[in-house]
Amino acid sequence: MLFSFLVTVREGVEIALIVVILLGYLRSIGQRRYFSTIWLGVGVAAAACVAVGAGLELAARELSSSAMEAFEGGTMLLAVALLTMMAFWMKRQSSGISRELREQVARALGRGSVAALVLLAASSVGREGLETTLFLFAGSKNGEGGLPFLLGGVLGFAVAAAIGWSIYRGSSWLPMKPFFTISGVVVIVLAAGLVSNGIAHLHEAGVLASVGPRPWDTDGAISLTSTLGQFLNTVLGYDSSPGLVQIACYWLYLIATAGAFLFLPVAKPAAPPPAARSDAARVA
Amino acid sequence: MRRLAPLIIALCAATLLTACGGSGGSHPQVEIVQTDNGCTPVELTLAPNKTVTLVVHNQGQKDHEVEGINGTKLQELLVPAGKTRQVNFTPSGKGDQIKCYIPGGSTTVIQIKPQQG
């Protein structure tokens, strides 16, 4: 529940921000009639994400148990890679994303293309949505799953929608910069858990013959089959007797990624080409 | 930071809701022994709908896995080499099967027979 809640709050707020930027810009230039076009794009993106999630789930069910383990392990590591790239991309783009989206809306309106506007909303939201889908699919394959996992996801999206609404109304209480920094670190911690779990799944599939010696065993204190064990496994990648490969990859990923996310200066995105600036100016 | 308080409170509530609860009370125990040559016993007679705790001893040199197959509801369990793990299991009485295997290696299927009366 906590895993899906944290993921959907963070990713949901990113999605909400994109929608708010698009709607806010249309409102500011008196083009509210295109609101439905934006929502259509959001709907297309949501449908595509649900289809991808259902496709992943169906594909996993069709596989033999060892192939399924390999598929799940591979998906977890893919989710980690995608999520890490997106966390850094979002950090780099945070200062320029609003301007970029407004310029793209202006260009679409300048061409009088409703389809371009739908595509813009669908691709912008879909990118975040697909990342969320992959992350949730990977997370659901760990100890915790079922109804609590679904409930956490719904609750997280509800919180994100409320935050998005308050931003749109100009009454947001959420300090954006600390929110994205803290939630970025939380997401990296969740991803580190997926690194450990992904390796465990690949070992269970027989892809990795061994995960090395297991230096400790805490199963007597927190069994992996207990509710608490499953919860910790899903959220933090807890394993009662992890192999050295899991331990090393977990800490290497966590320290390197969180360190780079928090302390490395990010290059600002490049300035837009002159044509895009003039398009935006003409419509505005 | 104080403005993040509602979100942090929601987070703590979700954590408590999720983490509360245990692995259930004590149930009759059924021993399963794994070696690198297979798994014993290969047949268990258990009362349908009565939960038991499977105590799985891995006496081999390799990690072993236990899981329900063909619709059998059993939480997947990795038992590292030389370790013992426990998992609760409630037989359905409809031909349950448990697969014990070495990842990428040999497999033994334990047939669960329903206990009469």
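**Helix α1 of chain A.** I looked first at helix α1 of chain A, which covers residues 2–28 in this predicted model. I noted 27 residues and a reach of 37 Å from the first C-alpha to the last, close to the 39 Å expected at 1.5 Å a residue. I then looked up burial. I found 24 of the 27 residues of α1(A) buried, so the helix is largely enclosed by the rest of the structure. Just after α1(A), I recorded a positive phi of about 70° at Gly30(A).

**The sheet of chain B.** I turned next to the strands of chain B. I traced an open sheet of four strands in the order β2-β1-β4-β7, with mixed pairing. I noted β2 (38–40) and β7 (84–89) of chain B at the edges; each has a single partner strand, so one side of each is left without a neighbour in the sheet.

**Strands β1 and β2 of chain B.** I followed one pairing in detail. Strand β1 of chain B, residues 29–35, pairs with β2(B) in the antiparallel sense over three bridges. I located Gln34(B) opposite Cys39(B), the latter in β2(B).

**Confidence.** I looked up the scores last. The model has an ipTM of 0.74 and a pTM of 0.76. For chain B I recorded a mean pLDDT of 82, with 78% of the residues at 70 or more.

Methods:
Residues numbered from 1 in each chain as written. Chains lettered and ligands numbered in written order. Predicted model: local features only at pLDDT ≥ 70, side-chain atom pairs only at ≥ 80, totals over all residues. Pairing = 2+ DSSP bridges. Helix = DSSP H or I, 4+ residues; strand = E, 2+ residues; numbered from the N terminus. Expected span 1.5 Å × (residues − 1). Buried ≥ 20, exposed ≤ 12 C-beta atoms within 10 Å, placed from the backbone. pLDDT = per-residue confidence, 0-100.
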